[in-house]
Amino acid sequence: MIFFRRSIDIALYACIINKSKKKDGLYKMTRIFIDGKAGTTGLKIFSRFQNRSELELIQIDEDKRKDPAERAKCINDSDITFLCLPDPAAIEAVALVTNLR
């Protein structure tokens with residue numbers, strides 16, 4: 001079992017795993033969605049990842065950030081989703097997951 005102490009460790013570990021996944025001869029970038037990016041923790045995670053070339057940050061329009069359908073799309077399109085939300089909203093976000101990744 002692997003334990004991570006920092007969000008950057010999680011993302012970089014995912015990048016290592018994705019290096020083995022090629023599509024059309026190119027390595028797949030790790031796609032990250034930060035649900036709750038507008039909050040303090042979300043902003044800190046975003047600032048650490050925004051200049052990393054091996055990561056693709058999925059961003060949601062500000063006016064759609066509370067729209068369940070839009071959030072579900074972003075969550076299910078990502079390889080990693082960080083839930084920087086209060087507990088009730090995080091529980092709701094987990095219920096939006098439909099992919100098997």
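Buried means under 20% relative accessible area, exposed means over 50%, and partly exposed lies in between (1.4 Å probe, protein chains only). The model is predicted: local features need pLDDT of at least 70, side-chain atom pairs count only at pLDDT 80 or more, and totals for chains, interfaces and linings use all residues. Residues are numbered from 1 along each chain as its sequence is written, and side-chain values use heavy atoms, with hydrogens and water left out.

The chain contains four helices and five strands. These elements are DSSP runs, numbered from the N terminus: helices are H or I runs of at least four residues, and strands are E runs of at least two. Along the sequence they follow the pattern α-β-β-β-α-β-α-β-α. Of the 101 residues in the chain, 31% are buried. The chain exposes about 7000 Å² (Shrake-Rupley method, 1.4 Å probe; for residues, only the protein chains shown count as cover). Carbon and sulfur atoms supply 55% of that area. Contact means heavy atoms within 4.5 Å. Among contacts between residues at least 6 apart in sequence, 59% join residues at least 24 apart.

Three strands form an open sheet in the order S4-S3-S5, with parallel pairing. Two strands pair if DSSP finds at least two bridges between them. Strand S4 (55–58) and strand S5 (80–83) stand at the edges, each with a single partner strand, so one side of each lacks a neighbour in the sheet. Neighbouring strands are turned by 25° against each other on average, direction ignored.

Strand S3 spans residues 30–35 and pairs with S4 in the parallel sense over four bridges. Within this pairing, Arg31 stands opposite Glu56. The chain passes from S3 through H2 to S4 in a right-handed β-α-β crossover. Right-handed means that, with the strands pointing away from the viewer, the path from the first strand over the helix to the second runs clockwise. Ile32 has Leu57 of S4 as its bridge partner. Four bridges also join S3 to S5, and these two strands run parallel. There, Ile34 stands opposite Phe82 of S5. Five of the six residues of S3 are buried, so S3 is largely enclosed by the rest of the structure.

A nonpolar core is a set of buried Ala, Val, Leu, Ile, Met, Phe, Trp, Tyr and Cys residues joined through side-chain atoms within 4.5 Å. The largest one has ten residues: Ile32, Ile34, Ile45, Phe46, Phe49, Leu55, Leu57, Ile80, Phe82 and Cys84. Elements giving two or more residues to this core are S3, helix H2 (40–49), S4 and S5. H2 supplies the largest share, three residues. Leaving aside neighbours within four places in sequence, Leu57 is in contact with Ile32, Phe46, Phe49 and Gln50. Another core, of seven residues, lies apart from the largest one; Phe33, Ile58, Ala72 and Cys74 are among its members. In soluble globular proteins, nonpolar side chains tend to be buried together.

Leu55 lies in strand S4. This residue counts as buried because its relative accessibility is 6%. Leu55 and Lys28 are 27 residues apart in sequence, and their C-alpha atoms are 9.5 Å apart in space.

Helix H3 (residues 68–77) packs on the sheet and touches S3, S4 and S5. The direction of H3 makes about 145° with that of S3. Buried residues of H3 are Arg71, Ala72, Cys74, Ile75 and Asn76. Their cover includes S3, S4, S5 and H4.

Ala95 belongs to helix H4 (residues 87–95). At 64% relative accessibility, Ala95 counts as exposed.

Methods. Axes fitted to C-alpha atoms, helices over the stretch in contact; angles between N-to-C directions.
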